[in-house]
Amino acid sequence: MVVLREGICPGLTEDFINALHSEDIKTVEDFVSCNPEELAQKCSLSYKALVVVRRVLLAQYTAFPVSGADLYQELLSSTAILSTGSPRFPPAHAFLFNMHMYIAFYITLCCLVFSLDKLLDSGLYTGEITELTGSPGSGKTQVCFSVAVNIPHRLKQCVFYIDTKGGMCANRLLQMLQTRTSNMEEQMEALQKIKVFRAFDVFSLLACLQHIRFNGLQQASVGGGSVKAVMVDSVSAVLSSMLGGKQNEGMSLLMQVAGELKMIAKDFNIAVLVTNHVTQDGNGCLKAGLGLSWSHVPRTRVLLQRVEKPGVSSSSLRTATLTKSSRQPCHLVEEFDLCNWSEERNSESGKRKLESS
Amino acid sequence: MTARVRTAENGAQVVSRLEGRQSLKDVEPNIFPVDGGPGQVQGGGLEVGVIIIDTDHHFDMLRLVSILEGRLARHSRESDGSETEPEEGVCSCLRRLSVVHCSSSAQLLLTLHYLESSISVQPSLDLLVIDSISAFYWVDRYSGGESIACQEANMRKCAEFLDKLRKNYGIVIFATTHAIMRNYNTTSDSGLSDVPGSSSSWRWKSADSATDFNKPYLCRAWQRIVTHRVLFTKSHVSNDHKQIFSAACTSIMTKGVKKCSFNVIEDGITFLCDK
């Protein structure tokens, strides 16, 4: 709703506005919806002035069409696909580190992100929102860390990480970097390219996203490089408390957050990665949280789950299932076994298609 | 998947016109019932100008181009048996396409008014696609305060203006809406009380039922101008692990519901039903 005020366009003087108010026209939408001829007869304004103001207001407030051919050329030159993890053949010294830490829960997720690229059709696409869903402890934050570390280290680009749960741990980022390179300078350089924002309620999240959109992205960060990914971990932590009951405010805020994320992704060619919790539907199947309205927002959705093995109380195995994608058939699953370390072995024995459930 | 089919169920509503500009009958004979489609037939590719209004930044140009390339390659193979250069074909198609991004219902309304002048000077422009028209539903409901009329004001004006565009210029309008409202009143055999919202009075039905999510929730003015309504749902996974989707079309011109199912493939969609 754009209220008619003096000065928002040339020709819109106070008298003009008062004349319009007498006809109960207070917003630009009302004004544009009226026929200038009828309006000229009803109030004391000239038809010509009305037509001119109408044209100027329309030019100011409408969105302009872009030719499909131009849009396509622009997309071809600006879309990038960001890998979520290390390359297919990790260097030898990284392999040794993996062997040393094989008991650690987290290392499986380093393996996870090799195969996650396959699920995502080579990686995170810029201009799109990708969602990771899973129950607590399924590894969503660790995947986010891995992406946050991989982009600065491998691609030398910056990453914005919005933490809404307090789960950001710089030591863990450093640990992940140390498995990729032992050069201290490289590690510090990569860490400098990760910018962390904290927002613990939806209004701060919105303010943060708007700040990023209007100021943060234009500024080059320390060490150069442009921002290529924005991660929000997690979006449901701030939104799920606002939903429910008969209030519309929660749904409206949800759609506003969605709109901001989409605009950031599209306008700045950034890959947006968000995490979400899961709920169960009537049949007991897991589905993403935040309801149906949110489910239309991300372009791609991956469900992370623990693998339950009988006799083992806490396993570090995880599966990633593709549940929504516009490029790959759904229900692709990648499973990760602690014993398999190299990328080739993962691709041969680790990948399985899920039987129809 | 095509840009307009989402993995959650959704409904698509179509407003159409029967004469005037080059019309789009048989634009999808599998979806629309015979003699119940939007207009008269023209052969082959229709070569009409299209405006796509993208309200939730959902439009996937790269996917559209890959579908176009597949179609053009198939068409050139079938017609003259040669593999012609797809790029020029794609470029000439894309030149007929315009894409507009709107970020609020007020902007949508103003953009429609602005586009009226483009539509009036370009007689080859036949199709307006709004994807999706329900994108601002929740934001409008909240910003309208307590009064329903105020909440629906922009949507009502858009609907009235779209009807005017349809009548005056004879363009075909496709709009998509997300199915986000669960239809609580369809349980006829549950024998429960009719109070919606109370947790004891509805029984959770499987989400595969097509009637579960087709509750129309946009304003009355919009419901009035819709002439064809196609409901898309995810139906089942076939034996070779492919997800099958189904579309059920109702229109004011014919009785009954025309159903069909389709698969989504690299080049677009393939229909599984026989006419």
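**Figure 1. Helices H3(B) and H5(B) of the predicted model are roughly parallel to each other.** In this predicted model, H3(B) covers residues 105-121 of chain B and H5(B) covers residues 148-169 of chain B. Their axes come within 9 Å and cross at roughly 10 degrees. Angles under 35 degrees count as roughly parallel, and the pair is therefore described in that way. The crossing in which H3(B) passes H5(B) is left-handed.

**Figure 2. Residues in the contact of H3(B) with H5(B).** On the H3(B) side the contact is formed by B:Ser105, B:Ala106, B:Leu108, B:Leu109, B:Leu112, B:His113, B:Glu116, B:Ile119 and B:Ser120. These meet B:Asn154, B:Lys157, B:Cys158, B:Phe161, B:Leu162, B:Lys164, B:Leu165 and B:Tyr169 in H5(B). By class, the residues of the contact of H3(B) with H5(B) comprise 10 nonpolar, 4 polar and 3 charged.

**Figure 3. Length, kink and end of H5(B).** H5(B) has 22 residues, which at 1.5 Å a residue should span 32 Å. The end C-alpha atoms of H5(B) are 31 Å apart, in agreement with that value. H5(B) has a kink of about 45 degrees, centred on B:Asn154. B:Asn154 is also among the H5(B) residues that meet H3(B). B:Gly170 follows H5(B) and has a positive phi, near 70 degrees.

Figure 4. H4(A) passes H3(B) in a left-handed crossing. From H4(A), A:Arg54, A:Leu58 and A:Tyr61 take part, and they meet B:Gln107, B:Leu110, B:His113 and B:Tyr114 in H3(B). The class count for the contact of H4(A) with H3(B) is 4 nonpolar, 2 polar and 1 charged. B:His113 is listed here and also in the contact of H3(B) with H5(B).

**Figure 5. H8(A) and H9(A) are oblique to each other.** Helix H8 (residues 140-155) and helix H9 (residues 170-180) of chain A have axes that come within 10 Å and cross at roughly 55 degrees. The crossing of H8(A) and H9(A) is right-handed. H8(A) contributes A:Gln142, A:Phe145, A:Ser146, A:Val149, A:Asn150 and A:His153 to the contact, and H9(A) contributes A:Arg172, A:Leu173, A:Met176, A:Leu177 and A:Arg180. The contact of H8(A) with H9(A) has 5 nonpolar, 4 polar and 2 charged residues.

**Figure 6. Cis peptide bonds in chain A and chain B.** Most peptide bonds are trans. The bond from A:Asp233 to A:Ser234 is cis, with omega near -10 degrees. A:Ser234 lies in the loop between strand E7 (227-233) and helix H12 (235-239) of chain A. In chain B, the peptide bond from B:Asp131 to B:Ser132 is cis, with omega near -5 degrees. B:Ser132 is in the loop between strand E4 (125-131) and helix H4 (137-143) of chain B.

**Figure 7. Positive phi at A:Asn269.** Most residues other than glycine have a negative phi. A:Asn269 is a residue other than glycine with a positive phi, near 55 degrees. The loop that holds A:Asn269 runs between helix H13 (249-268) and strand E8 (271-276) of chain A.

Note on methods: Residues numbered from 1 in each chain as written. Chains lettered and ligands numbered in written order. Predicted model: local features only at pLDDT ≥ 70, side-chain atom pairs only at ≥ 80, totals over all residues. Heavy atoms only, no water. Axes fitted to C-alpha atoms, helices over the stretch in contact; angles between N-to-C directions. Helix = DSSP H or I, 4+ residues; strand = E, 2+ residues; numbered from the N terminus. Parallel < 35°, antiparallel > 145°, perpendicular 65-115°, else oblique. Left-handed = near helix turned anticlockwise from the far one by under 90°. Contact = heavy atoms within 4.5 Å. Nonpolar A, V, L, I, M, F, W, Y, C, P; charged D, E, K, R; others polar. Expected span 1.5 Å × (residues − 1). Bend = angle between axes of the 7 residues up to and from the residue.
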